Amino acid sequence: MEFISSDKGKRKLALNGFMYVRDKTKNGVTYWRCEDYLKCKSRVSTAEDDSLMRAPSEHSHPPNPARVIVARAKASMRDRAVKSDERTSNIIQSETKDISLATAGALPKKTSLQRMIQRKRSASMSQYSIRRFTDSSKRIKQEQGSNEIFIEQLNAGIAGPPRKK
Ligand SMILES: [Zn+2]
């Protein structure tokens, strides 16, 4: 059993060549349903510590191990896109080099992997600049605040004017 993060950052569960998406969490138990839940009724549940609570019920279709391998490779690519400054082509190359020919057919086109990596990169960059912007405007506000207090004190005769050198 393995958890793989999706493109939207949600956790998916991979088990025996099947993938599950979270349905709900109730009293610490997470209920997962088959990724093909529109066609398949298979469900599985996990405990708070991520251990298996109830084994999956039967699927209406065969397992698809290639799908799991591709989901895992894509998750690693997204992770590296955000955490490293490696070249896009290096990330794709190194995450796909061990994928067998049989599985390679389930991989998205190289151009779409490139787009995914670049999209993740620019999203994390803009998150970073938003954080920096928020921090610096907070600092400016604090500085303005202490200036206003000083001016008030000055007007009230509490604080004297800054001494001249
Ligand atoms: Zn299924």
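Reader: How many bridges join strand β3 to β4, and do they run parallel or antiparallel?

Author: Two strands pair if DSSP finds at least two bridges between them. Strands (E, at least two residues) and helices (H or I, at least four) are DSSP runs, numbered from the N terminus. Here six bridges join β3 (residues 18–26) to β4, and the two run antiparallel. V21 stands opposite R33 in β4. This is a predicted model: local features need pLDDT of at least 70, side-chain atom pairs count only at pLDDT 80 or more, and totals for chains, interfaces and linings use all residues. Residues are numbered from 1 along each chain as its sequence is written, and side-chain values use heavy atoms, with hydrogens and water left out.

Reader: What lies between β3 and β4?

Author: Two residues, in a hairpin. N27 in the turn has a positive phi of about 50°. β4 also pairs with β5, antiparallel, over four bridges.

Reader: Which residues are the protein donors of the zinc ion?

Author: Donors are N, O and S atoms within 2.8 Å of the metal (3.2 Å for Na, K and Ca); water is not among the atoms, so sites may look incomplete. Here they are C34 (SG), C40 (SG), H59 (ND1) and H61 (NE2), lying 2.0 to 2.3 Å from the zinc ion.

Reader: Why is the arrangement tetrahedral?

Author: Four donors count as tetrahedral if all angles lie between 85 and 135 degrees. The ideal is 109.5 degrees. Around this zinc ion the angles are 103 to 116°, so the arrangement is tetrahedral.

Reader: Is C40 buried or exposed?

Author: Buried means under 20% relative accessible area, exposed over 50%, partly exposed in between (1.4 Å probe, protein chains only). C40 is at 2%, so it counts as buried. H59, at 14%, also counts as buried.

Technical notes. Tetrahedral: all angles 85-135°; square planar, octahedral: opposite > 155°, others 65-115°.
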